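Here is a short tour to read alongside the sequence and the model. Take a look at both before going on.

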Amino acid sequence: MDRSNAGPAFIPPVHHLAAKQLGSPSSSSSSPPSQNNTRYATRPSHQHYQVPDNHFDIISDEIQAALLDPPSSRRTHIIRDRIAALELTDFGGAIDWEKELMAFAPLDFPEYYRQPFHSVPGGWLSKRAAVYNRMAMQSIYREAHPHSCSGLRGDLVQWVPMHSKFVVDLGTGDGDGAATTAKLRPAARVVGVDASPFMIIAGRRQNREVANLEWRHALAERTGLSDGCADAVTITLVLHECSDEAKLDIAREAARILKPGGVLVVADTPQDDLATYRGFYEPHREAWAKFDPHALFEAAGLVGVSQTTILGGDLKAEADQRAAFESGNTDNRLFVITATKPEHAKL
Ligand SMILES: C[S@@+](CC[C@H](N)C(=O)[O-])C[C@H]1O[C@@H](n2cnc3c(N)ncnc32)[C@H](O)[C@@H]1O
C-alpha cells in the first residue's frame with residue numbers, strides 16, 4: 001500500500017497551513033517532535049506522540065469504506081470543502097511546538113485514545129488536529145446559528161448555573177467552549193481539562209484574551225481536582241469518542257468533582273449521526289450507537305438525568321442523512337443531557 005496516499009482525500013490539505021503560523025518548519029503538521037533532537041533524548045515520554053504505523057492502515061480502510069458507499073461520506077466532503085475556504089485561526093504568531101511541548105509532563109494515554117480520530121494520523125496527539133479544530137467546528141455547525149459553532153457554544157452556557165464559581169470542562173480541546181463559559185460567567189474560574197498537549201497549546205493561544213480560563217493537562221477520568229470542587233462540569237463532543245469503559249470512568253470523575261447539587265452538562269451528537277461522516281474516522285462509532293445516558297449517569301451516582309435538544313433532532317436521530325446526498329447542508333444536530341449530584345451526596 002502506498003502510505004503517502006492514506007488520508008489526504010478527506011483531511012485538509014497541508015499547504016493550507018502557513019509555515020509562519022505553524023512554526024517548526026522541519027516537521028510536517030502531524031509528525032512528532034524530532035527524536036534526533038538531543039533535548040528529546042532525555043524525554044522518552046515524547047515517544048507517545050509518534051504516529052503509530054497502524055494509523056495509516058486504519059485511515060486507508062476508512063476511506064475505502066467511504067468510497068464504496070458515497071452517501072455515507074456526504075458530510076465529510078462538505079466539511080472538508082468548508083474548512084479549506086476558511087481563514088486560518090489566529091494563534092498570535094508562530095508556534096514553537098517543540099519548545100511548548102517540552103513543558104508538558106508525560107501522560108499514559110489509554111489505547112482508546114491513541115486512535116487516528118477523524119482520519120488524522122496521530123489523532124488528537126497531532127498538530128493538525130489542534131490547528132484545524134476551530135475551523136472544523138465552525139464548518140460543522142455553520143447552519144446551526146448565525147455565528148456558527150461559536151454561537152451555539154453561547155447557547156450551551158444556559159445550563160451552567162449563573163452563580164457558578166468553579167466550572168470544569170472535561171475534554172476541552174482547544175477550549176473554545178470553556179472560553180465561552182468563562183466569558184458568560186465572568187465571576188467563575190473555568191478550568192479546561194484535556195489529554196492532548198497539542199490541543200492545549202493551540203487553545204490557550206487562540207483564547208489568550210480570556211483571563212478566567214485555566215488549562216489542565218490530564219485525562220478526563222483522572223483530573224486530579226479535589227472532591228466536590230465544581231458547581232458545574234461540562235463535557236462537549238467527547239463521549240462519542242470514548243470506549244464504554246472510559247465513558248463510565250469519566251462520568252464517575254465528573255460526579256466526584258461536582259459539589260452536592262452541582263450539575264453535569266453533556267452535549268453531543270446523536271447516536272446514529274456518525275453514519276454519514278464515513279471517511280472521517282470515528283473509532284467508537286459503534287459503541288456510541290448503543291449509548292444509554294440514563295444507565296451511564298445513574299451508574300455514576302447522578303440523578304435527574306434529562307435529555308433535551310439544542311439543535312434539531314433527537315438523541316436517536318433518523319439516519320436520513322444518507323438520503324440528502326446532494327444537499328450542501330450538514331444538517332448537524334446536537335443534544336444536551338443534564339444530570340445532578342444529589343444534595344445529600346457525601347464528599
Ligand atoms: C471533539 S474534541 C471536543 C473538544 C471540545 N469539548 C469542543 O467542544 O470543541 C474532543 C477532545 O476531547 C479530548 N479527549 C478525549 N478523550 C479524553 C480523555 N479521556 N481525557 C481528556 N481529554 C480527552 C481530546 O483530546 C479532544 O481535544
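What share of the 347 residues in the protein is buried? Buried residues make up 48% of them, where buried means that 20 or more other C-beta atoms lie within 10 Å of the residue's own, exposed means 12 or fewer, and partly exposed is in between, with C-beta atoms placed from the backbone.

## Model and confidence

This is a predicted model, in which local features need pLDDT of at least 70 and side-chain atom pairs count only at pLDDT 80 or more, while totals for chains, interfaces and linings use all residues. Residues are numbered from 1 along each chain as its sequence is written.

The average pLDDT (the predictor's confidence in each residue, from 0 to 100) is 85, and 83% of the residues score at least 70. Residues 1-45 have a pLDDT below 50, and this stretch has 75 contacts in the model beyond near neighbours in sequence. Where pLDDT is low, the predicted coordinates should not be read in detail.

## Overall make-up

The protein has 12 helices and 7 strands; these are DSSP runs numbered from the N terminus, with helices (H or I) of at least four residues and strands (E) of at least two. Contacts are pairs of residues whose C-beta atoms, placed from the backbone, lie within 7 Å. Of the contacts between residues at least 6 apart in sequence, 76% join residues at least 24 apart.

## The sheet

The 7 strands form an open sheet with mixed pairing, in the order β3-β2-β1-β4-β5-β7-β6; two strands pair if DSSP finds at least two bridges between them. At the edges stand β3 (213-217) and β6 (303-311), each with a single partner strand, so one side of each is left without a neighbour in the sheet. From one strand to the next, the twist averages 20°.

Helix α7 (residues 148-156) lies across β4 (230-236), β5 (258-268), β6 and β7 (334-340), and runs at about 150° to β6. That angle is taken from 0 to 180 degrees between N-to-C directions, using axes fitted as lines to C-alpha atoms, for helices over the stretch in contact.

## Around β1

Strand β1 (residues 166-170) pairs with β2 (residues 189-194) in the parallel sense over 5 bridges, and 4 bridges join β1 to β4, also in parallel. Val167 has Val190 opposite in β2 and Ala232 as its bridge partner in β4. Asp169, too, faces a residue of β2, standing opposite Gly192. Because 4 of the 5 residues of β1 are buried, this strand is largely enclosed by the rest of the structure.

Together with helix α8 (residues 176-184), β1 and β2 make a right-handed β-α-β unit. Right-handed here means that, with the strands pointing away from the viewer, the path from the first strand over the helix to the second runs clockwise.

## The nonpolar core

A nonpolar core is a set of buried Ala, Val, Leu, Ile, Met, Phe, Trp, Tyr and Cys residues joined through C-beta atoms within 7 Å. The largest one has 84 residues, and those with the most contacts inside it include Val168, Leu170, Val233 and Val265. Helix α6 provides the largest share of this core, 8 residues.

Leaving aside neighbours within four places in sequence, Val265 is in contact with Trp159, Val160, Ala232, Thr234, Val336 and Thr338.

## Two positive phi values

His118, in the loop between α5 (97-101) and α6 (127-140), has a phi near 60°, a positive value in a residue other than glycine. His118 is buried, with 26 other C-beta atoms within 10 Å.

Ser148 lies in helix α7, and its phi is near 55°, again positive in a residue other than glycine. With 17 other C-beta atoms within 10 Å, Ser148 is partly exposed.

Technical notes:
Two residues are in contact if their C-beta atoms, placed from the backbone, lie within 7 Å.
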